[in-house]
Amino acid sequence: MNSNENLFQKEEKFFFRTYKRLPLDIERGEGCYLFARDGKRYLDFFGGLAVNALGYNHPRINKAIQDQLQKYIHLSNFYVQEPQVRVAEQLIAITGFNRIFFSNSGTEAIEGALKLARKWGKKNGKTHLIGLSNSFHGRTMGALSLTERQKYREGYEPFLPDISHVKYNDVQELRSAVNEQTLGVVLEFIQGEGGIYVVSPAFAAALMELRDRFGFLIVADEIQSGIGRTGKFFGFEHFGMKPDIVVIAKAIGGGLPLGAFMGNDRVADVFTYGTHGTTFGGNPVACAAALAVLEEIVEKNFMKKAEEIGEYLKGQFGSLQRAFPALVKEVRGFGCMLGIELTREGQPIVDELQNRGFLVNCTNTNVLRFLPPYIVTREHCDSLVQELREIFGGL
Ligand SMILES: *Cc1c(COP(=O)(O)O)cnc(C)c1O
């Protein structure tokens with residue numbers, strides 16, 4: 001038995017069976033590539049599920065982490081901490097929101113945003129939250145109550161009360177669902193786990209119009225689509241709108257656990273001292289990494305790069321669709337967040353890509369999801385498309 005097998009056997013034995021792990025033993029990463037212990041190299045379009053926005057072993061992120069390690073790894077949120085303040089200053093300058101709270105993860109940031117919304121609603125006589133069909137907002141009970149995808153909910157009832165779901169992009173259903181009691185609508189403008197479904201301009205417009213009329217909050221879950229991934233800092237910017245609360249995580253920490261929610265002036269003064277908090281949230285090492293991520297994205301114009309390379313790759317996917325119309329149903333998304341919806345299951349194609357040295361994710365059964373780091377090149381994209389062309393041709 002080699003040490004590799006040992007690792008997989010121990011994993012099977014020790015862990016609750018929540019993750020079906022890929023049969024890969026990754027030793028290290030560099031740029032857009034991952035290297036397995038057996039020496040095999042993989043071009044990564046999986047991107048740590050949208051976390052590794054700048055690829056692996058990034059010198060600026062690594063240096064920021066090392067520098068902070070030598071100062072302090074943890075203090076406590078009783079202290080003001082320079083790395084946190086600097087990230088907050090950057091995020092607020094980039095986004096125009098008024099206030100921020102740091103968490104450790106996406107789902108915790110959703111929980112905090114829900115608490116912020118609830119407390120705001122108490123003052124304004126509003127209690128009812130609306131989520132959308134096919135949504136994913138995280139695994140904790142509050143976030144799960146908003147999540148609509150049955151796959152994640154089954155067996156965990158009862159959920160939080162006073163939450164209902166509206167069909168994605170169904171303007172009529174949205175209109176009949178909202179009223180004076182509506183506290184907020186929580187949504188992914190570009191659904192990630194759901195299969196890269198994009199909000200329609202009509203739905204976004206109706207949402208804004210109804211907010212003006214009824215005064216509810218719009219809460220954008222930008223955990224997967226944020227931090228420049230779609231070619232704009234936030235996905236909702238593609239629809240010319242501004243939510244009241246935005247939730248981020250994934251890419252912001254450069255691979256370290258970090259999330260946050262931000263709010264505009266409507267909700268800026270809802271929390272008072274002691275009414276929300278966390279031990280680890282906004283960890284200074286994670287914030288030092290986040291600062292490096294943000295500075296790198298701003299200085300090197302990575303939003304523009306994500307947009308351009310994404311347009312290029314989407315164009316290539318479009319030509320695949322024309323070549324294989326019976327197989328490719330639709331190509332969706334923006335920037336480095338793209339999906340190919342197939343007319344059949346995606347997993348066998350993902351497995352074959354992996355054999356050929358390409359890492360891609362399949363979500364919602366038949367959607368190939370591509371979340372490459374923003375540093376991916378045209379040559380990388382061409383090689384992926386070439387493999388896809390061969391695989392599709394052989395089906
Ligand atoms: C990943 C994700 C979450 C949950 O984030 P965690 O850090 O895994 O808790 C929530 N919403 C969206 C849109 C996500 O992609």
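Which residue forms a salt bridge with Arg356, and how far apart are the closest N and O atoms? Arg356 pairs with Glu390, and the closest N and O atoms are 3.0 Å apart. A salt bridge is taken here as a side-chain nitrogen of Lys or Arg within 4 Å of a carboxyl oxygen of Asp or Glu.

## Basis of the description

The model is predicted: local features need pLDDT of at least 70, side-chain atom pairs count only at pLDDT 80 or more, and totals for chains, interfaces and linings use all residues. Residues are numbered from 1 along each chain as its sequence is written, and side-chain values use heavy atoms, with hydrogens and water left out.

## The seven-stranded sheet

Seven strands build an open sheet with mixed pairing, in the order E4-E12-E11-E10-E7-E5-E6. Strands (E, at least two residues) and helices (H or I, at least four) are DSSP runs numbered from the N terminus, and two strands pair if DSSP finds at least two bridges between them. In general, strands of a sheet pair through backbone hydrogen bonds, either parallel or antiparallel. At the edges stand strand E4 (99-103) and strand E6 (163-166), each of which pairs on one side only. From one strand to the next, the twist averages 20 degrees.

Strand E7 (residues 182-187) runs parallel to E10, and four bridges connect the two. Within this pair, Val186 stands opposite Val219 in E10. Helix H9 (residues 201-214) packs on the sheet and touches E5, E7 and E10, with its direction at about 160 degrees to that of E7. Helix H5 (residues 106-124) lies across E4, E5, E7, E10, E11 and E12, and runs at about 165 degrees to E11. Contact means heavy atoms within 4.5 Å; axes are lines fitted to C-alpha atoms, for helices over the stretch in contact, and angles run from 0 to 180 degrees between N-to-C directions.

Asp244 is placed in the loop between strand E10 (217-221) and strand E11 (245-248). Asp244 counts as buried because its relative accessibility is 2%, the classes being buried under 20% relative accessible area, exposed over 50% and partly exposed in between (1.4 Å probe, protein chains only).

The side chain of Asp244 makes polar contacts with the side chains of Arg211 (3.0 Å) and Asn264 (2.9 Å). A polar contact is a pair of N or O atoms within 3.5 Å; within protein, one must be able to donate a hydrogen and the other to accept it, and residues adjacent in sequence count only if both atoms are side-chain atoms. Leaving aside residues up to four places away in sequence, Asp244 also touches others, including Phe97, Phe216, Met262 and Val267.

## The ligand site

The residues surrounding the ligand include Ser105, His137, Glu188, Gln224 and Lys250, where a residue counts if one of its heavy atoms lies within 4 Å. One oxygen atom of the ligand lies 2.8 Å from a backbone N or O atom of Gly106. A polar backbone atom of Thr107 is 2.8 Å from an oxygen atom of the ligand. In the side chain of Asp221, an N or O atom is 2.7 Å from a nitrogen atom of the ligand.

## The four-stranded sheet

Another open sheet has four strands in the order E13-E14-E17-E16, with antiparallel pairing. Strand E13 (328-334) and strand E16 (361-363) each have a single partner strand, so one side of each is left without a neighbour in the sheet. Neighbouring strands of this sheet are turned by 25 degrees against each other on average, direction ignored.

Strand E14 (residues 337-342) and strand E17 (residues 367-370) run antiparallel and are joined by four bridges; Leu338 stands opposite Phe370 in E17. Helix H12 (residues 347-355) packs on this sheet, touching E14, E16 and E17, and its direction makes about 175 degrees with that of E16. Helix H13 (residues 378-393) lies across E13, E14 and E17 at about 165 degrees to E17.

## Salt bridges

The structure holds 24 salt bridges. One of them joins Lys329 to Glu341, with the closest N and O atoms 3.2 Å apart. Lys329 lies in strand E13 and Glu341 in strand E14, so this pair ties together parts that are 12 residues apart in sequence. Lys329 is exposed at 53% relative accessible area, whereas Glu341 is buried at 6%.

Arg356 is partly exposed at 31%, and Glu390 is partly exposed at 44%. Salt bridges that share partners join Arg60, Glu82, Arg86, Glu295, Glu296, Glu299 and Lys300 into one network. Lys300 and Glu296 meet through their side chains (2.7 Å, N to O); Lys300 is partly exposed at 39%, while Glu296 is buried at 4%.
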